[in-house]
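Colleague: Before I rely on the labels attached to this protein, could you take me through how each one was reached?

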Amino acid sequence: MKFSKTLLFSLFNILAVKSYSIKENDTLTIYQPIIPNLRAEGRAENTTIGFEEIKVKVTEKDKSNLNYLDVTNHGPFYLDYECFADDTKLCNTIKSQIIKGLDYISNTFEIYNTIKIEATARSFCKYYGGDDCKEAVAQGLEPCYIILGDTTYPSALAKQIDRSISIKYFDIHILINTDRKIVNDEIIYVATHEMLHGMGIRHTMRPLTENKVSLDEINLVDDFIIPRYYLTKTNDNTSYYIERWLPFSIFDKRIVALSKPNEFIYKNLELFMEDDLGITIPIKATQNDQVRYMRAMIRNSKAVDNGIEMLKLFKKANSIGFRNTDGTVIKLQTFNGIYSPASSVSHIILPNCNDLSCKININNYDQNYLMYFYITKDTSTSNLIQKFKNVSNHDLIGNDIVRIMVSLGWTEKKNNSKKTTTTTKKTTTTKKTTTKKATTTTKKTTTTKKTTTTKKTTTTKKTTTTSKIPTSTSADGKCGSGFGACPKSGECCSKYGYCGTTSEYCGTGCQKLYGKCN
């Protein structure tokens, strides 16, 4: 989600996270994850964990206003909530809206194993700074990851796939900004949004520099995308030891270039895995030196070339998508000329937005608004839910979001799907009508008329069907079931549900019902 300043404390996208907070004198001890992986109890062979300890100065006022508001086992969730604020009402409002967001998630997905969440409400201006710190709403931090087979999963999801996994650490960490005046019910929106990031909608393939180092300063011609890697502190706590590359995440494994929707782009980075790592980096090394160490460690030139090309995709609007297991492709957010660690790739594309400063028009929103990189002030979460109630199977969480989550490994709750409920009602009505027709002579005559109509429809079926198909109004070129026919003459609706005119759109799998096909 859009946020001006990455919460960074030194090494390789290490994010500050209050995993366990201990007040001692005038300091608050914070343990932050230094690797995107976790050691599950009894599973030491395929999981690892590391935290870095930092101490933050706090005032007497801070300590007197630290409220521990625990909600144990709220449905399938365990929520540990802490609020640093003078206003108890604000703390309670944030807490209640977070819980409402959890309800939307549990009403949409089956959760078999408790998800542990740590939510902290505190001043972003005081702890993190930034010119627009008062405008930022929330920040979801790097979740814990677990390796299952040859794939890395967020621990919240891994625990659903393998229910024997039991870990004592939090799966998801969310920060809420207390400097900002809450607008309507926006915390429901952002808490649910950040939860879904922690549950899997998050890319881990990142640029070598993470956009934090000048290429000129380290004499690097091109930045490039690399996989994530595993690191630990040395026994003397003076260095980090980078041991090996981590397997690609389940989200990364389903990213495709829109120009080649049948090819998963992570495969272009597999050459990196051929390099043995094993490098020690002093903890006190400057950020420039850290990147120099990493660059020297990477020796496969072909892998680097592939990483350069991938970063070009990440810096081009309308270039990549998430390919679902059903074959459909959902466009992901990218911008022209820039890669944003907080906003690029891990969000569904916001229609007509090709740069970070794009003008937001709520009229362009579709049912997948929850996973846009930007939250609007122009309306409330409840109004958005109401606006798309008739097209989305679930409240708040749009159909494409559900498709992504199911493709990652989550199970949709079909019994709570509004579309499923509607179908059931229609089936019941039909059965009742049939019974009455068999009893009443008048209704038998009606049945005969309907039969005649059916025969006529059969003769003119193609004409009737075509006239009833609506024209797609999707701002990002979607077509097909749920969207309609391509609006421009001569356009084809591809098997992945996008309008275009090339052979990729008009060839194999083209949907004749929604446009032209070769």
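Colleague: Which residue stands opposite Pro282 in S18?

Modeller: Ser239 stands opposite Pro282. Please keep in mind that this is a predicted model, in which local features need pLDDT of at least 70 and side-chain atom pairs count only at pLDDT 80 or more, while totals for chains, interfaces and linings use all residues. Residues are numbered from 1 along each chain as its sequence is written, and side-chain values use heavy atoms, with hydrogens and water left out.

Colleague: What makes S15 and S18 a pair of strands?

Modeller: Strands are DSSP runs of E with at least two residues, helices are runs of H or I with at least four, and both are numbered from the N terminus. Two strands pair if DSSP finds at least two bridges between them; S15 (residues 239–245) and S18 are joined by four and run antiparallel, so they meet that rule.

Colleague: Why is the pair of Tyr229 and Trp245 called edge-to-face?

Modeller: Rings of Phe, Tyr and Trp (its six-membered ring) pair if their centres lie within 6.5 Å, and planes under 30 degrees apart count as stacked, over 60 as edge-to-face and the rest as tilted. By this rule there are 11 aromatic pairs. The centres of Tyr229 and Trp245 are 6.1 Å apart and their planes lie at 70°, so this pair is edge-to-face. Because Tyr229 lies in strand S14 (residues 229–233) and Trp245 in strand S15, the pair ties together parts that are 16 residues apart in sequence.

Colleague: What makes Tyr369 and Phe388 a stacked pair instead?

Modeller: Their ring centres are 5.6 Å apart and their planes are at 25°, so the pair is stacked. Tyr369 is buried, at 2% relative accessible area, and Phe388 also counts as buried, at 10%.

Colleague: How do you know that Arg163 lies over the face of Tyr112?

Modeller: A charge sits over a ring if NZ of Lys or CZ of Arg is within 6 Å of the ring centre and within 35 degrees of the ring normal. Arg163 is placed over the face of Tyr112 at 3.7 Å from the ring centre, and Arg122 over the face of Phe84 at 4.6 Å.

Colleague: Why is helix H9 described as largely enclosed?

Modeller: Eight of the 10 residues of H9 (residues 399–408) are buried, so the rest of the structure largely encloses this helix. Among the buried residues are Ile401, Met405 and Leu408. Gly409, which follows H9, has a positive phi near 135°.

Colleague: Which residues touch the most other members of the largest nonpolar core?

Modeller: A nonpolar core is a set of buried Ala, Val, Leu, Ile, Met, Phe, Trp, Tyr and Cys residues joined through side-chain atoms within 4.5 Å. Of the 109 residues in the largest one, Leu196, Phe314, Tyr369, Leu408 and Trp410 touch the most other members. Helix H2 (residues 88–108) gives the most to this core, with eight residues.

How values were computed: Buried < 20%, exposed > 50% of the residue type's maximum accessible area, 1.4 Å probe, protein only.
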